[in-house]
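Thank you all for coming; I would like to walk you through one model this morning, taking the chain contact, a pocket and then the sheets.

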Amino acid sequence: MATTYSATDLYDGLVKHGLIIPVGVPGIFGRNAVFEDVLARFDDYVSRVAKDDGAEKMLFPPTLDRKVFERSEFLDSFPQLAGSIFSFAGNERQHAELRTRVHGGQPWADLQVMTDVVLTPAACYPVYPSFTGTLPENGRLVDMQNWVFRHEPSPEPTRMQAFRVREFVRVGKPEVVVDWRNMWLERGLTIMRSLGLPAKSEVAADPFFGRGGKMLASAQLEQQLKFEVTIPVISEEKPTAVCSFNWHQEKFSKIFDIKTPDGETANTACLGFGMERVCMALFRHHGYDPKTWPAPVREKLWP
Amino acid sequence: MNDEIRAILKEHGRLAVDVAGLADDADLYQAGMTSHASVNVMLALEGTFDVEFPDRMLRRGVFESIAAIRAAIDELKQG
């Protein structure tokens, strides 16, 4: 592969080789069987690494209870990224109006009403309400793969509006949660490097909204609450985050009333592999045809 | 000025304790102010004192105590 990085070249290469299928909207595309095989093989690899951890496996649809979303403070931090689901709840006369406007190219948003669900804005959110109450002595560990929506349309292929995250969530005493986060940070680096990807880890901040967001980001950095494993995919200077580690301290446990057995407010942390981003990093570094990838990489993914 | 800062903290700081009982140098985050609450405090301070915090001051430490907030506003008023 070329040693220069380019978002346009990567997007064009992925499309040319049929790996992603444009649908007309930036940040939304289909994936072909080769892409999905790589994603599934990487997912299996993560499962093998985590097999002795005793995680509870769960799967949630790509939608979230709006009340959970409202309590989660996502709108306090990232109003620009949210996707709230609206639908039609009118009568026949209003339906006629809707059809006239849609086919006439007129705005029709005001004929829709807010539903009880939103698109899942972060892969860990669906699980927190199920932790409410007192945890077992060793806390809990959950393993999920969830679709996530972010309203950030971009032609840049690694910045998607909808993508999958292999997500682990740990809840328990603070030291347990932080040790677990640190262990996975090492594991994340090891996994990526074993796939021939030049990964490094760094302290990171989320794209909080507005000037207040600068304060939130500075607090997050200062307290080292977020780490990322990054790999150059479209840029050397701004490598792409392929795995993200968040320590929420007591935030979600206060919101959802999660206690340790000794009655203290629990801590939570999560980590997520951006599945499509990992696939794109592999295609970028090893070529668009997995059959030609280096043998050690293939052995990890197709053991 | 400290009374006005205390009034803002009472309204926007979501403190776990009564602001009247806090010393000027008490840590507001220890007193229960969340990061999101500190953003509302920052915006309320700008409105009340007619100042705008520059990017370099949009940091956790600038809002960590009544004394720190007062020092920041004094600096902006003088500038």
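How many residues does the contact take from chain B and from chain A? Before I answer, let me say that this is a predicted model, in which local features need pLDDT of at least 70 and side-chain atom pairs count only at pLDDT 80 or more, while totals for chains, interfaces and linings use all residues. Residues are numbered from 1 along each chain as its sequence is written, chains are lettered from A and ligands numbered from 1 in the order in which they are written, and side-chain values use heavy atoms, with hydrogens and water left out.

The contact, meaning heavy atoms within 4.5 Å, takes 15 residues from chain B and twelve residues from chain A. The area buried between the two chains is about 1200 Å², with carbon and sulfur atoms giving 58% of it; buried area here is the accessible area, for a 1.4 Å probe, that two parts lose on being put together, summed over both. Of the area that chain B buries against chain A, 51% is supplied by H36(B), L58(B) and R60(B), more than by any other three residues.

Let me turn to the second largest pocket, whose volume is about 210 Å³. A pocket is an open set of points on a 1 Å grid over the protein atoms alone, where a 1.4 Å probe fits, with protein on both sides within 12 Å along at least five of seven lines, and its lining residues have an atom within 4 Å of a point; the volume is the space filled by probe spheres set on the points. There are 13 lining residues, and the closest to the centre are D76(A), G212(A), V39(B), N40(B) and L43(B). Helices are DSSP runs of H or I, at least four residues long, and strands are runs of E, at least two. It is α7(A) that gives the most to this lining, with five residues.

Now the sheets, where two strands pair if DSSP finds at least two bridges between them. In chain A, seven strands form an open sheet with mixed pairing, in the order β3-β8-β9-β14-β12-β11-β10. Because β3 (56–58) and β10 (200–203) of chain A stand at the edges with a single partner strand each, one side of each is left without a neighbour in the sheet. β10(A) runs antiparallel to β11 (residues 226–231) of chain A, joined to that strand by four bridges, and S201(A) has V229(A) as its bridge partner in β11(A).

Finally, three strands of chain A make an open, antiparallel sheet in the order β4-β6-β5. Strand β4 (residues 63–65) pairs with β6 (residues 113–119) of chain A over three bridges, and the partner of T63(A) in β6(A) is L119(A). Strand β5 (residues 84–87) of chain A also pairs with β6(A) over three bridges, F86(A) having M114(A) as its bridge partner there.
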